[in-house]
Amino acid sequence: MSKSRRLLLVLGLWIGCCAVAAEVPWQLEEWREPPAVYAADDMTFDFPVPASVRPIFYEGVAFEGRPTRVFAWLGIPKNAAGPLPAMVLVHGGGGSAFADWVAYWNRRGYVAIAMDTGGCIPTASFEGAGIRRGHDRQAGPGDDIFAIDRPLTDRWPYHAGAAAVLANSLLRSLPEVDSDRIGITGISWGGVVTCVAAALDERFRFAAPVYGCGYIRELRALYGDTPVERIDQWMELWDPERWLPYVTIPILFVNGAADPAFHVSAWEKSTMLPGGPVYRSLYRELIHCHRFGMAPEVRIFADWMLKGEGVWPQLLHYGVSGDKFSAQWEDGFELERAELIYSTGADSGWQTAPAALTGAGAAEAELPPGTTACWLNVVTLDRAILSTPWVEMDHNEK
């Protein structure tokens, strides 16, 4: 992309968001340059580190006027013929950079980087108790997500967004990486960061937030008794509701309908915001944990976007007509089954009813009596879930 076009993108972001977040001084042009990288080979860890993965620090953005360094795991597949596709991996709340997550992508032929966004280093290769601790190598701010008693450039959302863009720039500088084939995925709060980073950096080929979405004000489980003025500032400055409309790259949203943190109503509204192609994978149930950052949908979507393998068809239309819900995806792929996920009221939870495959890429289900909201899932032969939007019964055919 030309420099003039990049400048137009930045200008568009600033103009479009001036009413709510013009004062956020994202240094996008500066962050497009690869950050300085510092070896961390002297570090020791109390867990096995996969052979393809090594620890590094890279230069972050200034905190309280001093330089910072971001800890990351960088993994390059052994004996792979490059240039290769690559992934940026953003952990969730309470997590850290995970070596096993990087190795997961390495085994599939990707270069990958997972960074810590909270000024920490990991004490475990993946999930578990006590999985991180602070470091003394020019750490940035901790992950006090809703802090307002600091300048904007000293707050966690600013540093986390910068870390994601800088990770992209770092990968693009590596000879093993094809700079036109880099994706980003994040889990929970990392999904929130992914939504914002996808708006800030159109160099990503795609984004795949898992759980994380916008409309945080509606998600009380995420902020509890946090004072209202802090939530107000979050919504004004950082919430994906404000940034997703400026996402033009393909984006895959993954969640579970019963997720305790990112409620499906806020998630569904978030999926309607991006300006580019949107794909959905909404499970009836999906445990909220870091390991589902390796949901099969993310890998399959990445293989399609970055390797040209397989297919992830676009939803063409969906809707309710009479007592039937039907949907049509693009043709060219095989389906294993289809199902309707529905609710009959606030206290009924989400239930499953059979749906019929009615043709190439087509599915239809009869609505159970009393249905108030529903969506259709189709499952491909490689077990990827493709979902329609969530529909309430006063919605019409799309």
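## The largest cavity

Among the residues lining the largest cavity, 7 are nonpolar, 7 are polar and 2 are charged. The model behind these values is predicted. The cavity holds about 120 Å³ of space. Its lining has 16 residues, and those closest to its centre are Val 70, Asp 116, Thr 117, Gly 140 and His 159.

Two elements give two or more residues to this lining: strand S3 (69–75) and helix H5 (156–172). H5 supplies the largest share, 5 residues.

## The second largest cavity

The structure holds 5 cavities of 30 Å³ or more. H5 and helix H6 (189–200) are the elements that give two or more residues here.

By class, this lining has 8 nonpolar residues, 1 polar residue and no charged ones.

## Aromatic pairs

A pair of aromatic rings is described by the distance of the centres and the angle of the planes. The whole structure has 27 aromatic pairs. One of them joins Phe 71 and Trp 73: the ring centres are 5.3 Å apart and the planes meet at 85°, so this pair is edge-to-face. Both Phe 71 and Trp 73 are buried.

Phe 301 and Trp 304 form another pair. Their centres lie 5.6 Å apart with planes at 65°, so this pair is edge-to-face. Both residues sit in helix H11 (residues 296–307), and because they are 3 residues apart, about one helical turn separates them. Trp 304 has 23%, so it counts as partly exposed.

## An aromatic cluster

Ring pairs also build a cluster from Phe 146, Trp 156, Trp 189, Tyr 223, Trp 234 and Phe 262.

## Charges over rings

Which ring lies under the charged end of Arg 69? The ring of Tyr 38 does, with its centre 3.5 Å away. In a second case, Lys 269 lies over the face of Tyr 215, 4.3 Å from the ring centre.

## Tyr 246 in its loop

Tyr 246 is in the loop between helix H9 (240–243) and strand S10 (251–256). Its relative accessible area is 23%, so Tyr 246 is partly exposed. Gly 275 is 29 residues from Tyr 246 along the chain, yet their C-alpha atoms are separated by 6.1 Å.

Methods
Residues numbered from 1 in each chain as written. Predicted model: local features only at pLDDT ≥ 70, side-chain atom pairs only at ≥ 80, totals over all residues. Heavy atoms only, no water. Phe/Tyr/Trp six-rings, centres within 6.5 Å; stacked < 30°, edge-to-face > 60°. Buried < 20%, exposed > 50% of the residue type's maximum accessible area, 1.4 Å probe, protein only. Helix = DSSP H or I, 4+ residues; strand = E, 2+ residues; numbered from the N terminus. Lys NZ or Arg CZ within 6 Å of the ring centre and 35° of its normal. 1 Å grid on protein atoms, 1.4 Å probe; cavity = no way out; pocket = protein on both sides within 12 Å on 5 of 7 lines; lining within 4 Å. Points joined across faces, edges and corners; volume = space filled by probe spheres on them. Nonpolar A, V, L, I, M, F, W, Y, C, P; charged D, E, K, R; others polar.
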